[in-house]
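This report describes selected packing features of the structure shown below. It takes up a helix contact, the nonpolar cores and a sheet in turn.

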Amino acid sequence: MSENRETSRRGFLGAAGLALGALPLNAQHAHHAHQAVRQEKAKGPYRPRFFTPQEYRTLAKLADLIIPADEHSPGAVEAGAPEFIDFLASNSPELAAVFTGGLAWLDGETKRRYSAAFVDAKPGDQAALLDLIAYRRNDTPELGPGIEFFEWARKLTVDAFYTSPEGIKDLGFQGNGAMAEFSVPREAVEYALKRSGLG
Amino acid sequence: MALERVNAVVVGSGAGGGIVAKELAQAGLRVVLLERGSWVTAYDCRKDDLRNQRTTVLGNAFGPDDERHPRVVVDESGRERTLRASEPGYHNNAGCVGGGTASYGAMAWRFMEKDFRMRSTYGAVPGSTLEDWPLSYADLEPYYEKAEWEIGVSGDDAGNVFRAPRRRPLPMPPLPPNRECQVLRPAALRLGLHPFDIPMLRNSVPYNGRPACMRCRWCVGFACEVDAKCGTQNTVIPAALKTGNCELRCDCVAGQVLLDERGRAAGVAYFDARGRYREQPADLVVVSCAAIESARLLLNSRSRLFPKGLGNRHDWVGRNLQGHTYPRAAGLFDFELYDDQGPGAGIAVCDYNHGNPGLAGGGMLANEFIRLPYQFVAQVPRSAGRWGRGHKEFMRKWYRRSMSVMGPVQEMPMFDSRVEVDPVVKDHWGIPVARLSGGKHPHTLEVARYMAGKAEAWLKEAGAIHTWTVVPGPGLSGGQHQAGTCRMGGDPRTSVVNRYCQVHDVDNVFVIDGSVHVTNGGFNPVLTIMALAYYASAHLVKTWKGTRMRS
């Protein structure tokens, strides 16, 4: 494991060039991510499969900032985004490299600017850094890796939240669940049941 | 072990290949249909927002897989990258039985008469290889009809005063309008436009032994759970298999078209599901792999007589790669539009396909398919912020109160937007991969900006309180609407196939898919690919014995 982690870290600069949207995963992994995480949490407190405790705390802080809980609804942390990302990273060396590299960059940059790890930095400092790396217009050689990483962190946090029961409920979207009622021809339903082998 | 000789090998089981296989098999030819992917069903993909073929962040649910199918893409600055199949810029369509038709949105457009005569209509466009087709709308009309009735199309284009003449109406009525359509229709009428119900390859009533659409939200990008979406995998391919004359071989990757010493096709070399090299001898070879892979297969079929690739004597194979440039306008409303009624898209206008002042061509405009929430996030305007409370509130406030209007702009083909085979990178089977380069013509972008403005005006008329437009950048087009790389034409020096999709130089090789499109219409191209497949098949069935006799 530790050897893989070293490779992953070295791979970050290369992996940072990996275009967003190119998550080299078998889709099956993601399909089961929410489900797998739920099963694991049912057994007790979630123990990260891939990230170190420090990385995981940073990841959770980041997810919380991207989609925070508010008076209306839970946020990305409650919806399981850190677990979701941890689960996917444990299945994909490329994604793992993007996140270990990105989280290290984030900590390094906060230490350089504010003399504290990202999770320990003041909320105002955390926000200031995110506002820099959330926008491509701020792209410089120094911020470039951070901007690439934020794209990934935001994308996967959003994916996790808005496919979770909490996120779906927040929007009133009716996704990812069976419909309560089909206003469709009966034969369509019968046909589906027959094909499923359940009818 | 040598395989038994057959009459025809069809490479690719998508919109074109599926139809050709069925037409030839029903005419009594013995056919082998090779498909690089598997037979994917709705059960394999289930209904999961994260497994959408159009949102590739988690890999392609309908193939090809990321591990074995790299491509090289050269961007405008000349930078080369080797991409996985699910990366943006790869220009994937699909890799499964049915090809793109297993997971498409299923809009079923006939091109307009002028779409076949772009050069005569608009004249030469500097920097573009804009040309007329060697056949007309009237030549294809009976085959459009055949596609509509055999594969199955619902909709009602009677309100489309711009449509080309048709002999028969569509076989199925449109689905009832969803809320977006109900808001957009009167707005279009107030603007003096001519809105109508989009023709869709989707059952609105039970048809051809399959049930009606149950209006779920997982449509474009997904397989249909009740098989109400009509693709080749649930229509013509089963019909082909039923004849007993067609054998479908899945997970088979074609490497090259084999030529005999006289320069005629002898069959196809491929790797089977277990990775074994096989040679399938055949009298005819039909290449139906979609524009990028069809060009790659021809370019990889090198021989003494065709050192630059089969049919490529004059360097036209792989040229003119095009797709569609999709300008979009999005609008926010102070009332709810989301009603969870799939497929979402339902209303269109063709007022801007032609006759736009000072512009060559245009495109239809339609409302968007159901937007999954995480896809909507990508459309959130910068001003809403990219993280934090404001961003979350924007989603909560507007997800259900927004809609988009967009449309495919007919592109000006470019000789230098092209498919080559890469000199270095090979796929899992050792076959040189496709190498893509080029971009969009500036006029295409000009038309796109114009269309974005029209889309925005429609949303404003519909009551949008805030709107914005998105026009794509100058990078290469292709993707699911990829076309143009084996141009059809009368002159062998400036095209690859004749009007019957027959390769000029090798009379027993046919390219039957979007590759042969001279121009790609201002419409989703699949029904035209299907019509061409019926048209070319009819010719093949009549003449194939003559073709064989000449060898």
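## Helix contact in chain A

In this predicted model, helix 4 of chain A and helix 6 of chain A are roughly perpendicular to each other, because angles of 65 to 115 degrees count as such and the two pack at about 110°.

From helix 4 of chain A, the contact involves A:Ala33, A:His34, A:Ala36, A:Val37 and A:Lys41. These meet A:Glu83, A:Phe84, A:Phe87 and A:Leu88 of helix 6 of chain A.

## Nonpolar cores

The largest nonpolar core contains 111 residues, and B:Leu201 and B:Met530 have the most contacts inside it. Helix 11 of chain B (residues 526-549) supplies the largest share of this core, with 12 residues.

A second, separate core has 74 residues, including A:Trp105, A:Leu156, B:Val380 and B:Met395. In soluble globular proteins, nonpolar side chains tend to be buried together.

## A sheet in chain B

Four strands of chain B form an open sheet in the order 4-3-16-15, with mixed pairing. Strand 4 (80-83) and strand 15 (418-426) of chain B are the edge strands, each pairing on one side only. The twist from one strand to the next averages 30°.

Strand 3 of chain B (residues 71-74) pairs with strand 4 of chain B in the antiparallel sense over four bridges. Within strand 4 of chain B, B:Glu80 stands opposite B:Val74. Helix 7 of chain B (residues 291-299) packs on the sheet and touches strand 3, strand 15 and strand 16 (432-437) of chain B. The direction of helix 7 makes about 65° with that of strand 15 of chain B.

Note on methods: Residues numbered from 1 in each chain as written. Chains lettered and ligands numbered in written order. Predicted model: local features only at pLDDT ≥ 70, side-chain atom pairs only at ≥ 80, totals over all residues. Heavy atoms only, no water. Axes fitted to C-alpha atoms, helices over the stretch in contact; angles between N-to-C directions. Parallel < 35°, antiparallel > 145°, perpendicular 65-115°, else oblique. Contact = heavy atoms within 4.5 Å. Core = buried A, V, L, I, M, F, W, Y, C linked by side-chain atoms within 4.5 Å. Buried < 20%, exposed > 50% of the residue type's maximum accessible area, 1.4 Å probe, protein only. Pairing = 2+ DSSP bridges.
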